[in-house]
Amino acid sequence: MILKVARMGHPVLRRRADPVTPEDFASGWVAATVRNLFDTMAEYDGVGLAAPQVHLSKRLAVVEVPGGPGQGIPPTPMINPVVQPLTEREMEIWEGCLSVPGLIGLVPRPAAVRVDYLDIDGRPSHRVVQGFAAAAVQHECDHLDGVLYVDRIRDRATLMFTEEYQRHHLGRGRAADGDGVDGASPAEVADDSRDGIPG
Ligand SMILES: [Zn+2]
């Protein structure tokens with residue numbers, strides 16, 4: 001089922017979401033919500049979606065990032081996720097958000113993270129991700145703490161309409177430390193995230 005997406009300004013996006021409980025698994029709520037999150041994410045061409053974005057203040061998000069091993073993430077529900085940076089190296093990635101439609105901005109984040117979570121059956125699982133995939137995971141987990149990517153933008157001049165980004169900035173990405181992400185050139189970084197992270 002495709003759900004309505006909350007937009008910036010709705011209080012649900014600023015609340016710290018509640019943990020998913022064993023009862024939520026037992027009742028089938030988790031399985032149904034994960035299905036609805038994937039349906040809604042696909043409808044809007046996102047690479048991630050968090051439950052608060054569909055007015056459910058629970059610590060649950062889904063991600064699916066195209067790309068091969070080490071680059072992408074297969075469709076993955078993350079329940080009660082905890083993110084831990086694996087490096088002090090910082091990257092900057094152009095991000096967008098389904099809850100902040102029409103805008104994009106350059107966000108500094110740790111370049112690699114480990115995320116621990118429960119899978120859809122309630123089993124502990126984890127994933128190590130870097131680059132764009134790491135940004136997607138961090139972006140979705142931020143939603144569970146009431147944080148939006150616009151809060152993390154360092155240079156506010158990089159917050160812009162997506163159309164203007166495509167006209168004036170596409171292919172002119174930059175990395176915080178000047179060497180891009182994972183050996184990619186800054187231009188490739190921008191190209192990778194051409195449409196930001198609509199999640
Ligand atoms: Zn978002």
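## Basis of the description

The model is predicted: local features need pLDDT of at least 70, side-chain atom pairs count only at pLDDT 80 or more, and totals for chains, interfaces and linings use all residues. Residues are numbered from 1 along each chain as its sequence is written.

## Overall composition

Six helices and eight strands make up the secondary structure of the chain; helices (H or I, at least four residues) and strands (E, at least two) are DSSP runs, numbered from the N terminus. Along the sequence, these elements follow the pattern α-α-β-β-β-β-β-β-β-α-α-β-α-α.

Of the 199 residues, 41% count as buried. A residue is buried if 20 or more other C-beta atoms lie within 10 Å of its own, exposed if 12 or fewer, and partly exposed in between, with C-beta atoms placed from the backbone. Among contacts with a separation of 6 or more, 67% involve residues 24 or more positions apart; two residues are in contact if their C-beta atoms, placed from the backbone, lie within 7 Å.

An open sheet of five strands has the order 1-2-3-6-7, with antiparallel pairing. Strand 1 and strand 7 (124-130) stand at the edges with a single partner strand each, so one side of each is left without a neighbour in the sheet. From one strand to the next, the twist averages 40°. Angles run from 0 to 180 degrees between N-to-C directions, and axes are lines fitted to C-alpha atoms, for helices over the stretch in contact.

Two strands pair if DSSP finds at least two bridges between them. Strand 1 (residues 48-50) pairs with strand 2 in the antiparallel sense over three bridges. Leu 49 has Val 62 of strand 2 as its bridge partner, and Ala 50 stands opposite Ala 61 in strand 2.

Strand 2 is also joined to strand 3 (residues 73-85) by five bridges, and these two strands run antiparallel. Here the bridge partner of Val 65 is Ile 73 in strand 3. Five of the six residues of strand 2 (residues 60-65) are buried, so this strand is largely enclosed by the rest of the structure.

## Helices against the sheet

Helix 2 (residues 29-43) packs on the sheet and touches strand 1, strand 2 and strand 3. The direction of helix 2 makes about 40° with that of strand 2.

Helix 3 (residues 131-144) lies across strand 1, strand 2, strand 3, strand 6 (112-118) and strand 7. Helix 3 runs at about 160° to strand 2.
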